[in-house]
Amino acid sequence: MDATILHADLDAFYASVEQRDDPGLRGRPVIVGGGVVLAASYEAKAHGVRTAMGGAQARQLCPQAIVVPPRMSAYSEASAAVFEVFEQTTPLVEGLSIDEAFLDVGGLRRISGAPADIAAKLRRDVLDQVGLPITVGVARTKFLAKVASGVAKPDGLLVVPPDRELAFLHPLNVGRLWGVGEVTAKKLHDRGITTVGHVAELPQSALVAMLGQAAGRHLHALAHNRDPRPVRVGHRRGSVGAQRALGQRPRSTEEVDAILTGLVDRVTRRMRAAGRTGRTIVLRLRFADFSRVTRSHTLSHPTAQTNEILQAVRGLRAAAAPMIERRGLTLVGVAVGNLDDDSAVQLALPFDRRQHDALDEAVDKVRRRFDSGAVTRAALLGRDQGISVPLLPD
C-alpha cells in the first residue's frame, strides 16, 4: 500500500493568525492570552513557553514576548478558509479540530499526482489563499501521518515511505505514541523503555501486565504501526464538553458553582444547536498537584436540557467536595457523552412540552438573534466566564 494519508496541522494556529494580521508581530515572540497561554509562536516556544502555561510564568521565561488578547472570530474564519482548501484537495477530509485534519488522497494519483506532490501543493495553497504556514505528514496510516507532521514541525513536509516506516518510527521517543502522557511515560521510563523501538521489542503480554489490557494492546499495535482506521468523512463527535482553568488561588463553593453553571450553559447550547442529546454527564477535575480525576453519572434518558444536566453536575461536584477541599482545584470541565440525535429521544408521559424545554428554546433564540451574551444567568453577572474556543461544526 502507498503512503496516501495526509495529516495537515496548522503551526501555532492562534499565534500565526495574529502574526499574519499584524506584520509588526512577525518574527517576534507572541503569546495569545494573558492569564493562561492559549497559544505561543515558535519564537516564544524557543524560550520554553507552552500552551496552558500560566501567563506569569510565560512572561518570566520570555520577558520580551508580546501578549495579545484572543480573537476567536478571526480564528474561526481562518479555520473555515483552511478547510475549504482541504476540501478542494480531496473529498475525503476528517477534521480533528479547527486547525488539523486527516486527508485521504489515495484515489487522486492520475488527477493530482503523487501524495507527496499533493501535500506540497496543499501547503502552498494554504499559504497563498489563507496566509498561514501548515505542516503536513504523509504516511500509510493515520497514526504515522500524525507522528510525521509532529516531527516535521514547524512549516514542514515529511513523507514516510512504506518500506521505511519502522526505521522512522522506532528511534522516536516513546511520548510520540498516542495515549502516552506523563504518567504512562514515567512508568515506561522507570523500566528503561524510552523509545518506540523499546516498546516494539516487548511482547504484548508484558505491556498488558505493565499498563493494563486496553493501553497495553493499544501501544503494542502502534509500536508496529498497526492502525487500520480509515479517514472518516462526516463523523459526528462522541461527546460535547468545555473546561476552565482556575489558576492556583482558592475558590469558594459559590465561585466553582458559578463556573460550572457557565460551562453547562455553553455545552448544552452547543448540543441543542447540533440537534444532539446525551445521557452520560462527566465532571473533570484537576488539582493543585496536577493530578486529575473524572466523575460521571448516567441519566435514565437522553437530554439537552440545561437545568437537568446542571443538577447532575452539581451532584457530582458535591460528592467530590471533600477531595476538592483537601487537594485544591485548578481546573474544572464538563462533558456530555453517550450522544444521540434529538429526534431519537423516546417520548415519556406526559407528552406535553416541559417548561425547561421552552425556556431553553426561548433563550437560544434570543442569543442567536442578538449575541451569546444577550441573556445571562443572574449568578453569572459580573463574573468572568472564560473564553469559548471555536470548534468544528458537528
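**Figure 1. The loop between H12 and E9 at Asn 225.** Asn 225 lies in the loop that runs between H12 and E9. The model shown here and in the views that follow is predicted. The phi angle of Asn 225 is near 55°, a positive value in a residue that is not glycine. With a relative accessible area of 3%, Asn 225 is buried, since the limit for a buried residue is under 20%.

**Figure 2. Polar contacts of Asp 227.** Asp 227 is placed in the loop between helix H12 (213-223) and strand E9 (240-245). Its relative accessibility is 10%, and Asp 227 therefore counts as buried. A polar atom of the Asp 227 side chain lies 2.9 Å from the backbone nitrogen of Phe 143. The side chains of Asp 227 and Arg 229 are joined by a polar contact of 2.7 Å. When residues up to four places away in sequence are not counted, Asp 227 touches Thr 141, Lys 142 and Phe 143.

Figure 3. The whole structure contains 5 aromatic pairs. In one of them, the ring centres of Phe 13 and Tyr 14 are 5.9 Å apart and the planes meet at 50°, so this pair is tilted. Phe 13 and Tyr 14 are both buried. The pair of Tyr 14 and Tyr 75 is stacked, with 4.2 Å from centre to centre and 10° between the planes. Because Tyr 14 belongs to helix H1 (residues 13-21) and Tyr 75 to helix H4 (residues 72-89), the pair ties together parts that lie 61 residues apart in sequence. Tyr 14 has a relative accessible area of 12% and is buried; Tyr 75, at 0% relative accessibility, also counts as buried. Phe 13, Tyr 14 and Tyr 75 together form one aromatic cluster.

**Figure 4. The largest nonpolar core, viewed around Leu 122.** This core has 38 residues, and Phe 13, Phe 86 and Leu 122 are those with the most contacts inside it. Two or more residues each come from strand E1 (5-10), H1, strand E2 (30-32), H4, strand E6 (100-104), helix H6 (115-130) and strand E7 (134-139). H4 gives the largest share of the core, 8 residues. Leu 122 touches Leu 6, Ala 8, Val 85, Phe 86, Thr 89, Leu 103 and Val 136, with residues up to four places away in sequence not counted. Another core, of 30 residues, lies apart from this one; among its members are Val 240, Val 256, Leu 310 and Val 313.

Figure 5. Along E9, Val 240, Ala 242 and Arg 244 point to one face and are buried. E9 and E12 run antiparallel and are joined by 6 bridges. Opposite Ala 242 stands Val 334 in E12.

**Figure 6. The hairpin of E10 and E11.** Strand E10 (residues 276-287) pairs with strand E11 (residues 292-303) in the antiparallel sense, over 8 bridges. Arg 286 has Arg 292, in E11, as its bridge partner. The two strands E10 and E11 form a hairpin with 4 residues between them. Phe 290, in the turn, has a positive phi of about 70°.

**Figure 7. The loop between E12 and E13 at Asn 338.** Asn 338 is found in the loop between strand E12 (329-337) and strand E13 (340-341). Although Asn 338 is not a glycine, its phi is positive, at about 55°. The relative accessible area of Asn 338 is 45%, so this residue is partly exposed.

Figure 8. The peptide bond from Lys 153 to Pro 154 is cis, with omega near -5°. Pro 154 lies in the loop between helix H7 (142-152) and strand E8 (157-159).

Notes
Residues are numbered from 1 along each chain as its sequence is written. This is a predicted model: local features need pLDDT of at least 70, side-chain atom pairs count only at pLDDT 80 or more; totals for chains, interfaces and linings use all residues. Side-chain values use heavy atoms; hydrogens and water are left out. Buried means under 20% relative accessible area, exposed over 50%, partly exposed in between (1.4 Å probe, protein chains only). A polar contact is a pair of N or O atoms within 3.5 Å; within protein, one must be able to donate a hydrogen and the other to accept it, and residues adjacent in sequence count only if both atoms are side-chain atoms. Contact means heavy atoms within 4.5 Å. Rings of Phe, Tyr and Trp (its six-membered ring) pair if their centres lie within 6.5 Å; planes under 30 degrees apart count as stacked, over 60 as edge-to-face and the rest as tilted. Two strands pair if DSSP finds at least two bridges between them. A nonpolar core is a set of buried Ala, Val, Leu, Ile, Met, Phe, Trp, Tyr and Cys residues joined through side-chain atoms within 4.5 Å.
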